Amino acid sequence: MKICVLVKEVPDAAVEKRLDPSTGRMDRSGEKNLNPYDTHAIEAAMQIREGGAAPVEEIVAVTMGPESAVRALHKAVSLGADRSIHLSDPVLAGSDVAATGYALAKTLETESPDLVLLGQQSDDGECYTIGAVVADHLGMPSLTQVIKMDVADGGLRCERQAEYGYDTVQVEMPAVISVGDAINEPRYPSLKAIMGAKKKPLQSMAAADAGIDTGKVGGDNSAAHWTAAKAPPAKAAGEIIEDEDTGETVEKILAWLDERKLI
Amino acid sequence: MANILVYALHYEGAFNKNSLGAVSEAAKLAGEIGGEAHAIVLGENVPRDLAATLGRYGAKKVLVAEGPEGLAQPLVDAMAKAIADGGYSYALFGGGLLGFEIGAGLAARLGAGVVMEVTAVRAEGGKLIAERPILGDSAISEIEYRSPVGIVIGRLNAFEIRETGDADAAVEDLSFELSPQATRAKMLIRGEQRGADVDIEGADILIAGGRGLGKAEGFKLAEDLAAAFGSNAAVAATRAVVDAGWYPYAAQIGQTGKTVAPKLYLAAGISGAIQHKVGMQGSENIVAINKDANAPIFEFSDLGVVGDLNKILPKLTDAVKAKKAG
């Protein structure tokens, strides 16, 4: 089977994120890393391949984003993807979740994957949702936040935690599955894999190459329109203790608790 | 007409609290934009009298659809049908996993604008504007909809439950067809409880453990501290460690776990992700111990301790014991 893994470039966790005051959108200029949740999706693809329950011919990493997003694809390939696709076009800039999902679905259609995997959330923005958007456009069954996935009975047996406990769901393929970070421990890429990543095939696509209707994408055509941003209500900063002498620290904690009659 | 359609999740004869909050919120907002709040319930033989009780929270009408429970795609089909039949300007979801999935699928189906993690909604000029915190809650974005239907997915506990209605809602059957994709996923086991059944909602003091405890055995430190506080204290856990099998599901705080508001919430080795924060931010006093000075939890704790749990917790346990004894 063919597995496509959706990946995303996100701001490095160590870099302070900010808004562009002129647009109210996130300033993505400092972006520079593969979304950490996506590494679990790539690892899940690798484990299906290595598990042998179903032959995996190809693992393809797919992203949408500006020129810099190539780095996320290189990382994805170093972690095990065979090749990658970079959807990049100025008309896509400012797309909301629905428009982004549509554009990614059109790109995936050109590959006809048996399984689309992605991380359950991106570090910076759209929580949990992109997988369900992509799935509806592709007409595929979908499940998010999956923490266990096995090839079984010609499909996938997936487990996840939902509102009332753990659910086990049998999903037929082709399917779109977003995985939670408890599903596996992603491997570290070998030096050889990192060096070789840039030599693996990388296909660049523009919106037209994927058959994307440009009237449905981009900031101006996105139905959720970000109008303004404001500061949250101020909350008094808490007291901070740096533990140098643990005996002293514990005394301070105890005094703090005692003052509030919590012991 | 500017009606609002709300998804109401039910399980074993009761509605989800976040769904009741969403119905209450929709009733209030619909009044402000000149429409009605209607709810939709999907399941196998949903009791009509259960559906009608949503009238107490302000729903004027409840649509009951027959279909497989616990999965999102059948609801995308049912809600898309209800919206195609006419009259709805917005679809609203309370916080929770299914709401995210249904709302996103519906946005794709309808080409509609969707905003998730919404903490507040207001009516302005007959339209709704959603507020969503971003960038680790350091800013709040305001979003308006430019599509015929706008989709609002609330954050956990964002919408207050209000019993404003005094009558049962009218109940109507909704007939719809399942899409092919909705027939290709089957629930095998639903709502499986893993681990011991523990009560964390009744405790005055919660010692909550996260990944920073290092391993399942690390919870011993949290349990010892809880025991030192006495019988009004219990141990809670984050989703990450519950999924990893370190602690029972019944002790889990947050998005797909429990919401708590104890007098003291002591977070040990918890970074403070939004999904955890939404389940405990109502706590009266929040103390966090974490070795990472940059952990988000320090931004909303009343007392933050930067240091090694393995050194601090045992000494704190001894000190609490001594204080209790003295």
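Two residues are in contact if their C-beta atoms, placed from the backbone, lie within 7 Å. This report applies that definition, and several others, to a predicted model.

## Basis of the description

The model is predicted: local features need pLDDT of at least 70, side-chain atom pairs count only at pLDDT 80 or more, and totals for chains, interfaces and linings use all residues. Residues are numbered from 1 along each chain as its sequence is written, while chains are lettered from A and ligands numbered from 1 in the order in which they are written.

## The interface between the chains

On chain B, 77 residues are in contact with 66 residues of chain A. Several elements of chain B each supply at least two residues to the side that touches chain A, among them α3 (72–84), α4 (97–110), β13 and α8 (309–325). The largest share, 9 residues, comes from α4(B). Helices (H or I, at least four residues) and strands (E, at least two) are DSSP runs, numbered from the N terminus.

By class, this side of chain B has 39 nonpolar, 17 polar and 21 charged residues. Here Ala, Val, Leu, Ile, Met, Phe, Trp, Tyr, Cys and Pro count as nonpolar, Asp, Glu, Lys and Arg as charged, and the others, Gly among them, as polar.

## A sheet with strands from both chains

Two strands pair if DSSP finds at least two bridges between them. In this model, 10 strands form an open sheet with mixed pairing, in the order β11(A)-β5(A)-β4(A)-β1(A)-β6(A)-β10(A)-β7(A)-β8(A)-β9(A)-β13(B). The edge strands, each of which pairs on one side only, are β11 (202–205) of chain A and β13 (185–192) of chain B. The twist averages 30° from one strand to the next; for such angles, axes are lines fitted to C-alpha atoms, for helices over the stretch in contact, and angles run from 0 to 180 degrees between N-to-C directions.

Another pairing also links the chains: strand β13 (residues 239–242) of chain A and β18(B) pair in the parallel sense over 4 bridges. Within this pairing, Ile240(A) stands opposite Gly304(B).

## Strand β1 of chain A

Strand β1 (residues 2–6) of chain A is mostly covered, with 4 of its 5 residues buried. A residue is buried if 20 or more other C-beta atoms lie within 10 Å of its own, exposed if 12 or fewer, and partly exposed in between.

The strand β1(A) runs parallel to β4 (residues 58–64) of chain A, joined to it by 5 bridges, and Lys2(A) stands opposite Glu58(A) there. A further 4 bridges join β1(A) to β6 (residues 115–119) of chain A, also in parallel. In β6(A), Leu115(A) is the bridge partner of Ile3(A), and Leu118(A) stands opposite Leu6(A).

## Val134 of chain A

Val134(A) is found in helix α4 (residues 130–138) of chain A. This residue counts as buried because it has 29 C-beta neighbours inside 10 Å. Leaving aside neighbours within four places in sequence, Val134(A) is in contact with Gly101(A), Leu104(A), Ala105(A), Leu108(A), Val116(A) and Val176(A). Of these, Ala105(A) is 29 residues away in sequence, yet its C-alpha atom is 5.1 Å from that of Val134(A).
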